Amino acid sequence: MSSEIISYSAAHRAAVTALAEQTLDLPEDAGEAASVIDRLLDPPAGRHTVRLVALDPAGALTGVLFASVREGDPSVGHLDLVAVAAPVRRRGIARALITTAEETLHGYGVSRLRIAGNDPCYGWPGIDVRYTPAVCTALALGFEQTRTAWNMTVDLAGAVAPADAEAGLAAAGVTVRGAEPSDVPALEAFAASHFGGGWGWEAGQAIARHAAGAVAGCHLALRGAELLGFAAFGALRPSLFGPMATAPDAQGLGIGGVLLRRCLYDMRAAGLATAQIGWAGPVAFYAGAVAARIERVFVLYAKPL
């Protein structure tokens with residue numbers, strides 16, 4: 001059965017979401033497939049994207065591909081999502097989608113294609129090692145493994161508000177509070193000044209989603225009017241914690257632990273049983289602070305175009 005590859009349009013959204021819900025069947029993804037699609041369809045302003053769908057002769061959707069170009073380096077492209085309906089796998093649909101995307105991206109000037117999260121707006125750091133068909137497809141199409149990444153899981157059953165630790169910060173002249181939409185410009189400037197990348201955008205998205213009633217939020221640490229740190233959750237999907245950052249000259253005060261616990265408490269209050277610390281960096285910190293454990297392991301791939 002042949003498939004026609006065409007550009008995605010808003011008319012395909014419901015079918016794409018349904019396909020994602022059927023194919024993203026790992027427990028950590030199954031309930032948030034719609035959130036992943038919503039997020040990938042609403043990237044930072046100005047991001048160049050390629051969105052394709054595969055249709056069978058009857059017009060039914062059999063596959064989808066979302067790709068994007070990296071901000072700041074237009075020579076690099078990212079495969080953000082590839083999904084094919086289970087009944088029609090191993091019929092060349094994924095290959096046709098990816099080949100078409102490669103041709104389009106190459107026309108944009110992309111010379112290297114990654115299967116890796118195009119931060120700050122992505123679904124996963126790479127391919128979860130349990131999605132075996134995706135790993136097989138990447139290898140068959142000439143991608144080479146570049147590195148690994150992981151998410152850490154936190155059991156939220158014991159998440160409590162860090163009142164004692166907050167009192168300690170207050171004694172040192174540091175206050176903590178929930179972020180508001182008016183804080184976004186200062187957050188973006190803080191993130192850009194100290195950490196670069198798109199952490200300010202992610203924090204702003206978490207604040208906006210919280211204001212809209214979604215499971216998301218952001219907490220700040222301040223000394224007077226000076227922003228010392230922030231932690232956010234729900235910017236990319238409800239169960240995902242991050243980003244979090246503390247100003248270099250304020251590290252060691254316990255700010256990160258307080259902000260982390262505030263977010264986890266909010267996530268528990270929203271009804272979540274576990275949280276994922278996305279693309280976790282300081283493993284020892286998270287393990288010690290909230291008994292987080294490495295659970296999701298991702299392989300990242302790349303190939304020249």
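Asparagine 118 is buried, with a relative accessible area of 0%; buried here means under 20% relative accessible area, exposed over 50%, and partly exposed in between, computed with a 1.4 Å probe and protein chains only. The model is predicted, so that local features need pLDDT of at least 70 and side-chain atom pairs count only at pLDDT 80 or more, while totals for chains, interfaces and linings use all residues. Residues are numbered from 1 along each chain as its sequence is written, and side-chain values use heavy atoms, with hydrogens and water left out.

Asparagine 118 belongs to the loop between β5 and β6 (127-128); helices (H or I, at least four residues) and strands (E, at least two) are DSSP runs, numbered from the N terminus. Leaving aside neighbours within four places in sequence, asparagine 118 is in contact (heavy atoms within 4.5 Å) with Arg47, Ser68, Val69, Arg70, Glu71, His78 and Asp80. The loop between β5 and β6 also holds proline 120, which is joined to aspartate 119 by a cis peptide bond with omega of about 15 degrees.

Strand β5 (residues 112-115) has Leu113 and Ile115 on a covered face and Arg112 and Arg114 on an uncovered one. In a regular strand the side chains alternate between the two faces of the sheet. Strand β4 (residues 76-84) runs parallel to β5 and is joined to it by 3 bridges; strands pair if DSSP finds at least two bridges between them. Valine 76 has arginine 112 of β5 as its bridge partner.

Helix α7 (residues 184-194) has Val184, Leu187, Phe190 and Ala191 as its buried residues. Seen down the axis of α7, these fall within an arc of 125 degrees, so they line one face of the helix; the arc is that of the directions from the helix axis to the C-beta atoms. The buried residues of α7 pack against α8 (199-211), β9 (217-223), β10 (226-233) and β11 (240-246). The face turned away from this buried side carries the exposed residues Pro185, Ala192 and Ser193. Glycine 196, with a positive phi near 65 degrees, follows α7. In strand β11 lies proline 243, and the peptide bond to it from glycine 242 is cis, with omega near 5 degrees.

Two residues other than glycine may be considered next. Tryptophan 279, in the loop between β12 (274-277) and α10 (283-290), has a positive phi near 50 degrees and is partly exposed at 23% relative accessibility. Alanine 291, in the loop between α10 and β13, has a positive phi near 55 degrees and counts as exposed at 56% relative accessibility.
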